[in-house]
Amino acid sequence: MSKKDKCEKNNPTAKRAARKYTVRWMLVLYDLICFLLVDLLLLVMYGGYDKLEPIDILIQSALSLACIFCARFIANIYSQIWRYGGIQSYIRLLISDGLGCILYVSLELLLPINKISFARMLSLCCMNLLLSMAIRMTYRYAYKCNRTRRLGKLLAILVKIFTGRSIADNKNDCNQNKTKIAIVGAGRVGVSLAEEMINNAAAAYEPRCFIDVKSEKIGRQIHGIPVLPEESISFSVLAEYEIQEIVFAVPRMSAEGKRRLYEYYKQSGCRIKVYDYPTMRTAGSKRALRDFDIEELLFRKPVKFPEELAKAYYCGRKVLITGGGGSIGSELCRQIATMSPKQIIILDICENGAYDIQQELRIAYKNDPDVCVEILSVCNRAALERVFESYRPDIVLHAAAHKHVPLMEHNCCEAIENNVFGTLNVVELSEKYNAERFIMVSTDKAVNPTNVMGATKRMCEMIVQSRSTQSTSTIYSATRFGNVLGSAGSVIPLFKRQIAAGGPITLTDKRIIRYFMTIPEASRLVLQSGAMAKNGELFVLDMGKPVKILKLAENMIRLSGFEPYRDIDIVEIGLRPGEKLYEELLIKSETLDKTEDEKIFVERDEPLPAAMLDGLLSDLREAYESGDEARAKAALKNAVPTFRSPDEINAEAERAEEMLSV
């Protein structure tokens, strides 16, 4: 054995390279055989008025062969893997042979040889192209379909002929182990999913049928897979096709449509999945086959905002995001990164979340934009000032806050220090270092608050609005929205953990209702409203109808494949300290002004005079610095006139417009 042979034997990479080389020349051989068959037919057997002598046949054959095969080699036709060849591969072959034909005709006219008719030359090139395409299509079909029971043996033989390699007889057995799926949606997304599964021999799924509503597709086939009408799909039809899982591949379907189909197909006993981007979309994420998330079965239509204004505003700016490692803050980072900012500064007390979003953005966008992380508390005024002095941000997005309602009831001093005076630090430094815009993230719990967290956020709104009347360099605004699905501390992760543990799901009160939105929606609202701010606005979002938490819990149980009250129980544990039965409507026409966006409104609110605000803040500072929780809470109630007791609000629940609308 030669040294070269020994190297190839011990080197898998060399083996693969040699095998590819062999397969390529085998394809050249097959094309030569096709070429000789065409020459035999058109130059030897066909006579006609321009019957050729043997020497002329050889000359014409050599000339056409040189032109066609040179064009193919130049176009890298033989370097392609035809097993996965798509329309682009066949178009390339068509163009290369077309150029080869033109070259052949041109040389035939110029060279001093016996001529043949143009029709004969064209027929020779076209017949050769047809046979070349035919063997490639046959090979591709044989490789794909040998895994099916129909014609499996014959097609496996064809693959052996074309590639020189055997396909194991256990392919059929492997195919039996694949999960049989029905794809809802025979559009671009559904077809690409089916193609991916068909082309991948190692795929764990086998598409058996499409389900669609479009009449022009129904009754036809895509890649050999039948398209069935949605209205005729019964459980017996699914059983006939041996369907084990149903995959939704209609990304633009409404939440109502998804919920309707989900509830119907769930009764079939099949597992339900979706082929789409992850609900909590990360930078550079791709469509994937995954389980349904409860966020996709919301009882409201997702709110969409025009992005042109926001993109134009944040482009080329240095943006500081406090709380940038949190649920809302990290999504703000993701969305701003798509708007070509000059720099993103992530500021957070928690290094893990900040590090994660920094790495995610660097992987997705490399070093454009520049993403920096600063680990500190907004309560640390000296460290915070060093950050402002170093970076001098153009835009400040303030998302840092303590937000857990029950925890803040027992940690009133901490809530006041972090939420109120942390915000005050960021506000004052934004103005001192000439930030163009300060945008604060607020909450619907600031509307007639019944708890410490809501009251501190209302106090922050009052600071922002008052400062807007004094500032000469910075534009201030605050944005208020409802509960955010999937954020840390929200009800969805809690319910998921309780279901995984076998239950029960705990509800504080079965009458409780809330407004919901997703993290991307909340972040887009902040960016959109911040871009349109003129000064001092308190923006609120039309969030549609509220959701009954009991119904949400029941749907989550069903989504997990269980039956409420039979497999997983739901129990009441009583309202927590400071908790309301309902959050009051954000959108009331008598207290709001419209903006150019029909979903965003501005609260009519009179800013406090600077002297009055300073007095309230002085009392609050003394109270929290004393460490006396009761005194701190009393000072907060004095500072926020709308701070009411939860018992007072809940006593009015039966007559509340919000409770009657559910």
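Asp212 is buried (under 20% relative accessible area, with a 1.4 Å probe and protein chains only as cover) yet has no salt bridge, and the nearest side chain of opposite charge, Lys217, is 4.4 Å away. A salt bridge here is a side-chain nitrogen of Lys or Arg within 4 Å of a carboxyl oxygen of Asp or Glu, and in assigning charge Lys and Arg count as positive, Asp and Glu as negative, while His and the chain ends are not counted. The model is predicted, so local features need pLDDT of at least 70 and side-chain atom pairs pLDDT 80 or more, whereas totals for chains, interfaces and linings use all residues. Residues are numbered from 1 along each chain as its sequence is written, and side-chain values use heavy atoms, without hydrogens and water.

**Around Asp212**
- A polar atom of the Asp212 side chain lies 2.6 Å from the backbone nitrogen of Ala186.
- Beyond four places in sequence, the contacts of Asp212 (heavy atoms within 4.5 Å) include Gly185, Ala186, Lys217 and Glu230.

**Gln60**
- Gln60 counts as buried because its relative accessibility is 1%.
- Although Gln60 and Ile113 are 53 residues apart in sequence, their C-alpha atoms are 8.7 Å apart in space, and Ile113 is among the residues that Gln60 touches, as are Tyr104 and Glu108.

How values were computed
Buried means under 20% relative accessible area, exposed over 50%, partly exposed in between (1.4 Å probe, protein chains only). A polar contact is a pair of N or O atoms within 3.5 Å; within protein, one must be able to donate a hydrogen and the other to accept it, and residues adjacent in sequence count only if both atoms are side-chain atoms.
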